[in-house]
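This report describes a single protein chain.

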Amino acid sequence: MAATSPHDWRQADIKHVPRDDGDPADISAYNTKLPRMLLSDDVRTGKQGGKRSWGSWGLVGLVSLLLTVAFIAPETPRAVFAPSSYPALVSRLFLSKTQGRAAEEAPAVTSKDAYSSNGRTAFVQWDQYSLLLAGHRILIYSGEFHTFRLPVPSLWLDILQKVKAAGLNAVSVYTHWGLINPSPGVIDFDSFRALQPLFDAASAAGIWVVLRPGPYINAETTAGGIAHWVTSQVAGTLRTNASDYEASWQDYIQGIIAQTAPNQISVNGPVIGVQVDNEYFQSGFGNAEYFAELEAAYHNSSIVVPLTYNDPGEGKNFVNGTGAVDIYGLDSYPQGFDCSHPETWSPVVTNYHDYHEGKLPTNPSQPFYFPEFQGGSFDAWGPTAPGYANCRELTGPSFLSVFYRTLWAANAKLMSFYMLYGGTSWGGIPFPGVYTSYDYGSAIQENRDITTKFTELKSQGLFLRSSPDFYKTDWIGNSSTGVVQVSNSAAFVVQLKNPDTGASFWIARQTDSTSNAITSFTLNVTTKEGTFKIPQTVPNITLSGRQSKVIVTDYSYGQNGYITWSTTPILFAGRIGTRDVLFLYGDSNQGSEIALKHASPDFGFPGGNNIHGGPFELLDTSTDLITYTDTDTAGTFFSPVIPAPPGAIQPNYWEVGTVSSVLVGGPHLVRNASFSSIGVLELRGDLNASTRLVVIGPLTMTGVTWNGVAVANNASAAAAISRVGGVWVGQLTLSPTAATITAPALTGWKFKDNLPEIQAGFDDSSWTVANHTTTNIPAKPLFGDGRVLYGCDYGFCENVVLWRGHFSSTGTEKSVNLSINGGEAFAASVWLNNVFLGTSFGNSTNNANSVDEVNQQFAFPDGSLVSGGDNVITIVQDNMGLDESGSTTNTIKSSRGVRGFQLNNGTFGAWKVQGKIGGYTGFPDKTRGVLNEGGLFAERAGWHLPGFDTSSWTSREFSSGLPNNTAGVGFFVKTFKLDVPAGFDVLMSFTFDDSSQPYRALLFVNGWMMGKRVANLGPQFKFPVHEGILNYQGENTVAVALWAMESVAISPTLDLTIDTVLQGGVGGVTTNNPVWSSTGRTPS
């Protein structure tokens, strides 16, 4: 066709293809300037057969389509949600256990196929294809979410609603042994450690849960999640069948069982599986027996769902033999964990299918399960660390397009992406290899906002939800062997075929998966209508660089919808009300086509079609609606699930409880949807800007509300999409209040010295005497007098630990040699009496220069000794967390502390140690938990807590640093008020200076240690903090422990900044920030 104006889509965008029986003369005049549009009888009427000729409605529809499109407003920025309380949402959407089926009631399974199970429940079954949940075949499309990294339980529903909005149907959830079981015999499921709020929110959102309680979880967390007390008190090898290790995890696992059993799918709960430990090996002394012991604990309980496992590589661990699990899974991170060059890809893994069920089959009788597939990457400490923006680029939308569809091509039917929401490794949660942020470059950012990765994931999730034929497919072959025939060897195509319906899915990518080339090809397909080379109306199928596509053949949807073939991507295909609805989209620079119920195409979309906005009607009858739009506009659409009526079993779960949904385009996020008794569609979601709202619903829809406010319908714009009805087009306007929301300036700080321990006369008599001479930690002391100075041996594993070594001077002491172990990126500053000697620096440059221990000699300046009196070496050591499993599992038992101590002349007397007050057995702050605090004087006294009286302190601006430009630790406190209007989710961060200075800063927000800034290393300087930690309608306390590691001037800055203002939010967010109390807080 001739070139046209970029904005005149009507002349050249959609090609309706004429049939062999001719182009009707009565519209020949229109064909001189409009696209040729021809519909067969069965397209027009929804019936197969009949003469292919134009009806009068076809002409009217054609003219209407072309004339009314001008009334469709151009796309404007997206928007969404009015709040409702978290308890109200849960009570409204979550079906009471007493209303549902009894635990012993078996699901109805109508298929005559034989399915596998663990013999403990019929509610979770499987075959070689996929899972069956309550008798329904389900493909699991999931993401990882760690509730402990978002310590605000009332925000968990926010994340799960976003998971659901992305078209996903499950989450994988680690639980943290060290947080739940902080000391022997203590099991704590209160506060953010609770599991019931997670299970309730999952049921409300309609999200399945695979629980992964370890005991070891890895997860870039201290000790890989193993309780710190275990690392020093257990003599046996961790993660084996050592008797003392087995005894150590019993209370924790029994606690997990008690919390989980009432929330399994068999009793209307969301839990469908429990994972045994994490990424381990069946070989090795005691390993398999350890798994068998864990499995016995579950089997001797009321846990009935399958036990699963995630193999760290293609090792075939725990498929058979001792410790074998019910469903085996494979983890894969094809891009690794270095985001320094995000434009450089490693290629896709090409042997997944062979590993599962091909040449060397691992578990061909089970569905192919990826418990962890790369969803981003963690990032290391160091000045050259690339940061999470790079990780989000490395694993961005193109990565998702190519690598996730590679899993589809391998016939995987259970896939979970690590991470979907990373969150924050606050307090002492991280292991030494990562900093506070665990953003991970995920589809949902640390501050809870969604990204372009989310949009791509949504396009995949909605397609999979629309395609139940995909849940059961045989792997037929690929183009490398000639089983699949393509015209260009630069394209690689795999065919999957449903053995029952004949539907085929042809998954295409570049043969060189790293290629950025534009590759065009044709494909030979065999359908029920015959064998064809496609496409026919456009020159080829196109892959624009790092892109993957799915071509479908013999594809059914809705009640009667049928596609012979389509090279046009499908966003949604299904039943909305009484109509079969098909929502197509495509890149404007690529051609594609679709053939409905025919042996030739019905619609072609030439490349360079300049289609933007819409969606535009292709077919509009009382039984069918087909629309098309560009990829960007399609990315603004959601398909919220409509819950089943009250009293239904699991009403919020797709396929099991409901198969009803609508299409909603425009907003930033659509959280949920339901219909009132009079047919009004009630939408809730978030807006970040004013936007056009497009709703495709049932013909019976009588109106639309957005966050409780009625939306006026633009009837002409709605008719441009469907003259039959069921479409609502309106305008959502961001409240002007959004522009008035600001963050207060952080000025007017209060200051006090935070290191009285170096002053003469400080009394450490109540400190713990460090006099052990044996330890269960494998790395023994390097030198000294035989005493073991490891913090964990004295109950002080977490965060800052202080050591005081006493000696009497004879005047001949000139220096002290100290070997200090704090983990990668640690620091330890040393004083003799009140004289600063220096700082030992751990270092890291993107894991290439990792220093977790420093052996250093510190010289004594003249005049620093007290001759003939008591002298004290004071060490302030930052513990960066315990190591994860390494060459042996006992590397978890990390030797944090002083591994060597020696004066050049003379000997030490008493050594004293102090970490957080009470240690891991008696810490007073049970709400924030065992990992929140360390041993700084301010922490022991509770200065960081809301309500502590600082009125007598010195006024000093934070940017002034410490007095006299000396090394030391000072404490700054500032209170401020927030008054965020109801109905807004304002995403905020505390932002330090982005400079390299020799300081560390511990950031406390309302008592929660939400960040560790290491200014000499970086990279993190911005720390998101959520509502629930922040009080959005009241007073807040921010406190900073500022540690100057050298005697130089430092000038840090700290601001409260607004990242994003969203009108909507999940609503009902509550705070749980206990205030200061003197109980248990007498510092020493």
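Which pattern do the disulfides of the chain follow, with bonded cysteines counted along the chain? The pattern is 1-2, 3-4.

## Basis of the description

The model is predicted; local features require pLDDT of at least 70 and side-chain atom pairs pLDDT 80 or more, whereas totals for chains, interfaces and linings use all residues. Numbering runs from 1 along each chain as its sequence is written, and side-chain values rest on heavy atoms, with hydrogens and water left out.

## Disulfides

A disulfide is taken as a pair of cysteine sulfur atoms within 2.5 Å, and by this rule the count comes to 2. In general, such a link is a covalent bond between the sulfur atoms of two cysteines.

C339 is joined to C391, with an S to S distance of 2.1 Å. The link of C339 and C391 is right-handed, with 105° about the S-S bond. This pair connects distant parts of the chain, 52 residues apart: C339 lies in the loop between β10 (327-330) and α10 (352-357), and C391 in helix α11 (residues 388-394). A residue counts as buried under 20% relative accessible area, as exposed over 50%, and as partly exposed in between (1.4 Å probe, protein chains only). C339 is therefore buried, at 1% relative accessibility, and C391 is buried at 0%.

The other disulfide is formed by C792 and C797, whose sulfur atoms are 1.9 Å apart. C792 has 2% relative accessibility and so counts as buried; C797 is buried with a relative accessible area of 1%.

## Chain as a whole

The chain contains 17 helices and 56 strands. These elements are DSSP runs numbered from the N terminus: helices are H or I with at least four residues, strands E with at least two. Of the 1084 residues, 65% count as buried.

Contact means heavy atoms within 4.5 Å. Among contacts with a separation of 6 or more, 73% involve residues 24 or more positions apart.

## A sheet of three strands

An open sheet is formed by 3 strands in the order β54-β51-β56, with antiparallel pairing; two strands pair if DSSP finds at least two bridges between them. Both β54 (1022-1025) and β56 (1054-1063) are edge strands with a single partner strand each, so one side of each has no neighbour in the sheet.

Strand β51 (residues 984-992) pairs with β54 in the antiparallel sense over 4 bridges. Within this pairing, S989 has P1024 of β54 as its bridge partner.
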